Amino acid sequence: MNVTAIQTPGLADPVNDAQRIFRAALAALARPTLAQPVRAGMVPPAPLSPTVGALVLTLCDEQTPIWLDPALRGTGDVETWIRFHTGARIVADAHDALFCVASGPSAVPSLSDLRQGSDEEPHLSATVIIDAAGAEPTGSFVASGPGINGEVCWDGAGLPASSPERPGFLETWDANTRRYPRGVDLILAGEDDVRGLPRTTALKESR
């Protein structure tokens, strides 16, 4: 057991901070792509960012299976810290997780491989938390759907970029939205804000 990781503080004011961060995450998913301010006020073990760490401590508990990407699991400090502060179980397979935590856009697992929920229990799908601090724009997108008044333009900073190993994100996301009410939700954690991309939000390239 890593004593240093355990001694690293969590939320300074667990009740009030968790309520504040939960409201920001909820607002981010209710108003997709619109940044919601978050002041984490904590320094978790590296390479976990303060905003991502605050979200994990707020949204996860002993009944929440969590997947961490290889960079986050590298030293064991992040895993120990999360287990100590939340009691959550860390799983090796992303498909088994309710929350998947990615240290950057390139570490996001394939959305189709994650828990999709069911028509009867859509809430049993996965939520992916992406460390988007300092992330570069990935394109010029137009988002629409519930929580958006008409359409809104967005640069997609924090979304996985296209690569030879994976198809374009728009195709992946379109398949995800078509699974509704099943499907995966994304929370993008910036340096001091969060943005939400729920499965109900449609994305297309800006013309």
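1. In this predicted model, α2 and α3 are roughly perpendicular to each other, since they pack at an angle of about 100° and angles of 65 to 115 degrees are counted in that class. The axes of α2 and α3 lie 9 Å apart.

2. On the α2 side the contact is made by A18, I21, F22 and A25, and on the α3 side by A54, L55, T58 and L59. Sorted by class, the contact of α2 with α3 comprises seven nonpolar residues and one polar residue, with no charged residues.

3. The largest nonpolar core has 31 residues, and those with the most contacts inside it are L55, V56, I66, L68, I82 and V101. Two or more residues of this core come from each of α2 (14–30), α3 (50–59), β2 (65–68), α5 (77–86), β4 (99–102) and β8 (185–189). Apart from this core lies another one, of 26 residues, with V91, W173, L197 and L203 among them.

4. For a closer look at the largest core, V56 is one of the residues with the most contacts inside it; leaving aside residues up to four places away in sequence, V56 touches I66, I82, T86, V101 and I129.

5. A separate point concerns L124, which is found in the loop between β4 and β5 (127–131). Its relative accessibility is 34%, so L124 counts as partly exposed. Beyond residues up to four places away in sequence, L124 touches L98, R115 and G117. The C-alpha atoms of L124 and D155 are separated by 29 Å, with the two residues 31 residues apart along the chain.

Terms used:
Residues numbered from 1 in each chain as written. Predicted model: local features only at pLDDT ≥ 70, side-chain atom pairs only at ≥ 80, totals over all residues. Heavy atoms only, no water. Core = buried A, V, L, I, M, F, W, Y, C linked by side-chain atoms within 4.5 Å. Buried < 20%, exposed > 50% of the residue type's maximum accessible area, 1.4 Å probe, protein only. Helix = DSSP H or I, 4+ residues; strand = E, 2+ residues; numbered from the N terminus. Contact = heavy atoms within 4.5 Å. Axes fitted to C-alpha atoms, helices over the stretch in contact; angles between N-to-C directions. Parallel < 35°, antiparallel > 145°, perpendicular 65-115°, else oblique. Nonpolar A, V, L, I, M, F, W, Y, C, P; charged D, E, K, R; others polar.
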